[in-house]
Amino acid sequence: LLGIRHPIVLGGMSGGTSAELVAAVSSAGGFGIFGASFTAATSAAQQDATRGVVDRIRSLTDAPFGVNLLLFACSDTDVDAVLALRPRVLATAWPSEGTDLRSIGDRAHAAGVLWMHQADRADGAKRAAEAGADIIVAQGTEGGGHVGLIATFPLTRMVVRAVAPIPVVAAGGIADGEGIAAALMLGAQGVLLGTRLLATDESPLPVGYKQAIVASDGHDTVISEIPDVAQGRVWPGAYARVRVNAFINEWSGREGELRRHSDEVRKGLAAARAAGDAERGNLLIGQDAGLIDSIEPAGALVARLAADAERVLAGASRYVVDG
């Protein structure tokens, strides 16, 4: 469907993707997605920025790729602007209650673009399927950034059963070949990786943030409202999984006061990111950080993960009892 060799998809993380990362993943046989939301202060500037990134991706690779939009944070004009760029896929997530998903699917298909939609609940996945989604991403709570509350294993199975025969991509807590193989055994057609691909050479995260991912034991993340309170954003039904650090500890239990000082705090977060200070910054990572031991080139990583998954799948026959 996507014209790719490996069923490995880069999560379209806002602030966590770049033209170089998207191109590296796609060129290696996976599917890169650029996160276009929150790239600029205004909708028009965001559209210009996205156009520039898409042009850059096409200068780096001939392989297919996608563009992601957070539906609660964009307008119909933003959607149409992305469709006009003709990516292989329009990837969407986190619609508001009143979002007209069928309109999005119809416009994508009219533009010759596939529509991939991410859901954190089975009913949300079914809603997207009924609206014409070509691919559904089932995102479990183990993932980094904005997530729901159901784990990847049961959610993937529920979504596979709810939307069959539409292909499902599993997301959340997957960082190695064994995780990819497990997702395929659950009935998914592929996996979407976020945190694992943040710890790559091409990731736009500062080195200090990447090193914090490698150093994580996987137990140092929590579900918190602090990242969104600090940014002054309200996500529809989402919770933020974030690394526990000095920033989170400082404001834990003081969300009301944080709202009063959000402008100052935002400046501090921007300064921390610029300096690569993972203790004072906002690091949205998943529990699978405990499985990540190195910062690698994204293309080589995709190839290695695919080979590891194939090795695991090839050895699975030993679990079958003959006769």
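What follows is a set of questions and answers on this predicted model.

Biologist: How do α5 and α6 lie to each other, roughly parallel or roughly antiparallel?
Modeller: Helix α5 covers residues 122-130 and helix α6 covers residues 152-163, and their axes are 9 Å apart. The packing angle is about 30 degrees. Angles under 35 degrees count as roughly parallel. The two helices, α5 and α6, are therefore roughly parallel.

Biologist: Which hand does the crossing of α5 and α6 have, left or right?
Modeller: The residues that make the contact are Ala122, Ala125, Lys126 and Ala129 on the α5 side, with Leu155, Met158, Val159 and Val163 on the α6 side. By class, seven of the contact residues are nonpolar, none is polar and one is charged. As for the hand of the crossing of α5 past α6, it is right-handed.

Biologist: Is α7 roughly parallel or oblique to α14?
Modeller: Helix α7 spans residues 177-185 and helix α14 spans residues 298-314. Their axes come within 7 Å and cross at roughly 60 degrees. Roughly parallel would need an angle under 35 degrees, and roughly perpendicular one of 65 to 115. The angle therefore makes the relation of α7 to α14 oblique.

Biologist: How many charged residues are in the contact of α7 with α14?
Modeller: From α7 the contact takes Gly177, Glu178, Ile180, Ala181, Leu184 and Met185. From α14 it takes Leu305, Asp308, Ala309, Arg311, Val312 and Leu313, and the crossing of the two helices is right-handed. Eight of the contact residues are nonpolar and one is polar, while the charged ones number three.

Biologist: Which helix gives the largest share of the lining of the largest pocket?
Modeller: The largest pocket has a volume of about 1200 Å³. It is lined by 48 residues, and those closest to its centre are Met13, Ser14, Gly15, Gly16 and Leu284. The lining divides into 22 nonpolar, 21 polar and five charged residues. The largest share is four residues, and it comes from residues 262-275, helix α13.

Biologist: Which elements give two or more residues to the lining of the second largest pocket?
Modeller: The second largest pocket holds about 380 Å³ of space. Of its 17 lining residues, Trp94, Asp120, Arg121, Gly124 and Pro236 are the closest to the centre. The lining has six nonpolar, six polar and five charged residues. The elements that supply two or more of the lining residues are β5 (114-119) and α5.

Biologist: Which helices each supply at least two residues of the lining of the largest cavity?
Modeller: The structure holds one cavity of 30 Å³ or more, and the volume of the largest cavity is about 50 Å³. Its lining consists of Ala36, Gln46, Gln47, Thr50, Leu69, Asp78, Ala81, Val82 and Leu85. By class these are five nonpolar, three polar and one charged. The helices that each supply at least two of the lining residues are α2 (43-60) and α3 (76-84).

Biologist: What is omega for the cis peptide bond that joins Ala164 and Pro165?
Modeller: Most peptide bonds are trans. The bond between Ala164 and Pro165 is cis, and Pro165 lies in the loop between α6 and β8 (168-171). Its omega is about 10 degrees.

Biologist: What is the value of phi at Arg86?
Modeller: Most residues other than glycine have a negative phi. Arg86 is placed in the loop between α3 and β4 (89-93). Its phi is positive, in a residue other than glycine, and the value is near 55 degrees.

Technical notes: Residues are numbered from 1 along each chain as its sequence is written. This is a predicted model: local features need pLDDT of at least 70, side-chain atom pairs count only at pLDDT 80 or more; totals for chains, interfaces and linings use all residues. Side-chain values use heavy atoms; hydrogens and water are left out. Axes are lines fitted to C-alpha atoms, for helices over the stretch in contact, and angles run from 0 to 180 degrees between N-to-C directions. Angles under 35 degrees count as roughly parallel, over 145 as roughly antiparallel, 65 to 115 as roughly perpendicular and the rest as oblique. A crossing is left-handed if the near helix is turned anticlockwise from the far one by less than a right angle, and right-handed if clockwise. Contact means heavy atoms within 4.5 Å. Ala, Val, Leu, Ile, Met, Phe, Trp, Tyr, Cys and Pro count as nonpolar, Asp, Glu, Lys and Arg as charged, and the others, Gly among them, as polar. On a 1 Å grid over the protein atoms alone, a cavity is a set of points where a 1.4 Å probe fits but cannot get out, and a pocket is an open set with protein on both sides within 12 Å along at least five of seven lines; lining residues have an atom within 4 Å of a point. Grid points are joined across faces, edges and corners, and a volume is the space filled by probe spheres set on the points.
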